[in-house]
Amino acid sequence: MRINDDITIEDWELTESFTRASGPGGQNVNKVSTAVELRFEAERSPNISLPIKTRLRRLAGRRWTADGAIVLFVQDTRSQARNRELARERLAELITKASVAPKRRIKTKPTYGSVKRRLKAKKERGEVKALRGKVDE
């Protein structure tokens, strides 16, 4: 399975198992195993670099298992073939998202003018509130 120019996933890294899905499908639900559980051995994958693996682990969340695999469970459609496609698409999307390094935040200071305007507005507001005191007779 090809993710991008740098990352390809070998067949031995993916395991699919099929179970009966819940939800719509009538009598078909009780007979056919349409739900797909796709298991990707991310920790052992030689094609994914360490920084991508750490980002992938954070993105996967609860789908990341203790032994370093990502488990995706798809039961969206009544078709087993379509559920398989959806599971593979979601895995590819997850890996693509993890392969993009986040931008570093550049610290900025407020401009001199914005600081002056803020302080002036605070002073004016304080004066308005000071005038709300009790009236002397």
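Me: What should I know about the model and its numbering first?
Reply: This is a predicted model, where local features need pLDDT of at least 70, side-chain atom pairs count only at pLDDT 80 or more, and totals for chains, interfaces and linings use all residues. Residues are numbered from 1 along each chain as its sequence is written, and side-chain values use heavy atoms, with hydrogens and water left out.

Me: How do you know that strand 1 and strand 2 pair?
Reply: Strands are DSSP runs of E, at least two residues long, and helices are runs of H or I, at least four; both are numbered from the N terminus. Two strands pair if DSSP finds at least two bridges between them. Strand 1 (residues 14-19) and strand 2 (residues 35-40) have six bridges, in the antiparallel sense. Therefore they meet the definition of a pair. Ser 17, for instance, has Glu 37 as its bridge partner in strand 2. Glu 16 stands opposite Leu 38.

Me: What makes strand 3 a partner of strand 2?
Reply: Five bridges join strand 2 to strand 3 (residues 70-74), and the two run antiparallel. Leu 38 has Leu 72 as its bridge partner in strand 3.

Me: Why are strand 1 and strand 3 called edge strands?
Reply: The open sheet has three strands in the order 1-2-3, with antiparallel pairing. Strand 1 and strand 3 each pair on one side only. Neighbouring strands are turned by 15° against each other on average, direction ignored. Axes here are lines fitted to C-alpha atoms, for helices over the stretch in contact, and angles run from 0 to 180 degrees between N-to-C directions.

Me: Which strands does helix 3 touch?
Reply: Helix 3 (residues 80-99) packs on the sheet and touches strand 1, strand 2 and strand 3. Its direction makes about 35° with that of strand 2. Contact means heavy atoms within 4.5 Å.

Me: Why is Leu 14 called buried?
Reply: Buried means under 20% relative accessible area, exposed over 50%, and partly exposed in between (1.4 Å probe, protein chains only). Leu 14 has 12%, so it counts as buried. Leu 14 lies in strand 1. Beyond neighbours within four places in sequence, Leu 14 contacts residues including Leu 38, Phe 40 and Leu 91.

Me: What makes Arg 55 buried?
Reply: Its relative accessibility is 17%, so Arg 55 falls under the 20% limit. Arg 55 is found in helix 2. Not counting residues up to four places away in sequence, Arg 55 touches Ala 98, Ser 99, Val 100, Ala 101 and Pro 102.

Me: How do you know that Lys 53 has no salt bridge?
Reply: A salt bridge is a side-chain nitrogen of Lys or Arg within 4 Å of a carboxyl oxygen of Asp or Glu. For buried Lys 53, the nearest side chain of opposite charge, Glu 43, is 5.2 Å away. Lys and Arg count as positive and Asp and Glu as negative; His and the chain ends are not counted.
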